[in-house]
Amino acid sequence: MIKKLPDTSTTEVSKTLVKMRDTGGAVTLGRVLTLIVKTEKGDDLEAAIAAANDASREHPCRVIVVAAADRKGAARLDGEIRVGGDAGASEVVVLNLFGELANHAHAVVIPFLLPDTPVVTWWPGTAPANPAKDRLGRLSQRRILDGTNRFDSAAVLTKRIKSYSPGDTDIAWAQITPWRAILAAVFDREGLTAKSARVSAPGPSVGLDLLGGWVQASLDVPVERVTGELVISVDCEQGPVALTSVGKDTIVTTPGRPPGRVPWQIRTVGECLAEELRRLDADEIYELALHGTTRLIRNQR
């Protein structure tokens, strides 16, 4: 069910939400957090809502979508409420902000925050220079950015390093979880001693640079970032370890064993978002990986 409320107020949106909940059977019981989704003009609003709905099936929540629709003209709020089949396992409040109101998103969302539940803010597109100091970021225990579609990886990661605060993370970090899991399993099982590593990819990638930073921080070895086929290789004293992307599979090469094959599928934004919502404390491994990219970034310049 979708209810549109053009040229409205936060009070009217709140009243309508309560009425729809009472008449439609949608309740906030069991909501584990409030997820704020902040978009700017030009961001894919519907794709962000779809991803939040997917994630809500694992983490029932209230989703507050704050869209800076147009910063020009008179201040206005266009509201929209989605419940039931149009909202996954959540209830979605869409707040389209116009004019000067778009500069005060933090004030607009406060009436909709669920009491006594954690707050997470996700910027699926345009993000502030310093998320922790952003007014929405200050409301949140967890701040999620998205570097998956950025082609200026070095600039993005440099900015992330300078502005990092505990609670920051990135969808690109969750996207590489399967490869991190495979590499960790190989080294735990084989007891290998690494000497150096190389991350090869067809082009810039925030996720793969984070993977390289994670390898550098975890194994304490130099990591080279090159352009080429999608391969992550580690030179070990016992022989080479490599993860090679071949079609929909990852070929795993380890010393003294025949190559293995692991099915590979690119994770959706909804899956990555759901992973990042599983923890609300600081992700210390992400911080290590982020700072581990420093040498990679320097070598790419």
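This is a predicted model: local features need pLDDT of at least 70, side-chain atom pairs count only at pLDDT 80 or more; totals for chains, interfaces and linings use all residues.

Residues are numbered from 1 along each chain as its sequence is written, and side-chain values use heavy atoms, with hydrogens and water left out.

**Helix pair**

- Helix α5 spans residues 153-163 and helix α8 spans residues 206-219; helices are DSSP runs (H or I, at least four residues), numbered from the N terminus.
- The two pack at an angle of about 60°, with axes 9 Å apart.
- Axes are lines fitted to C-alpha atoms over the stretch in contact, and angles run from 0 to 180 degrees between N-to-C directions.
- The angle therefore makes α5 oblique to α8 (under 35 degrees is roughly parallel, over 145 roughly antiparallel, 65 to 115 roughly perpendicular, and the rest oblique).
- The crossing of α5 and α8 is right-handed (the near helix is turned clockwise from the far one by less than a right angle).
- On the α5 side, S153, V156 and L157 make the contact; on the α8 side, V206, D209 and L210 do (heavy atoms within 4.5 Å).
- This contact has 4 nonpolar, 1 polar and 1 charged residues (Ala, Val, Leu, Ile, Met, Phe, Trp, Tyr, Cys and Pro are nonpolar; Asp, Glu, Lys and Arg are charged; the others, Gly among them, are polar).

**Cavity**

- The structure has 1 cavity of 30 Å³ or more (on a 1 Å grid over the protein atoms alone, a set of points where a 1.4 Å probe fits but cannot get out; lining residues have an atom within 4 Å of a point).
- The largest cavity holds about 50 Å³ of space (the space filled by probe spheres set on grid points, which are joined across faces, edges and corners).
- Its lining includes K159, R160, Y164 and Y286.
- α5 gives the largest share of that lining, 3 residues.

- The largest pocket has a volume of about 460 Å³ (a pocket is an open set with protein on both sides within 12 Å along at least five of seven lines).
- Of its 21 lining residues, Q175, S205, L208, L230 and I266 are the closest to its centre.
- α8 gives the most to this lining, with 3 residues.
- The lining of the largest pocket has 12 nonpolar, 7 polar and 2 charged residues.
- The second largest pocket has a volume of about 270 Å³.
- Helix α2 (residues 45-56) gives the largest share of its lining, 3 residues.
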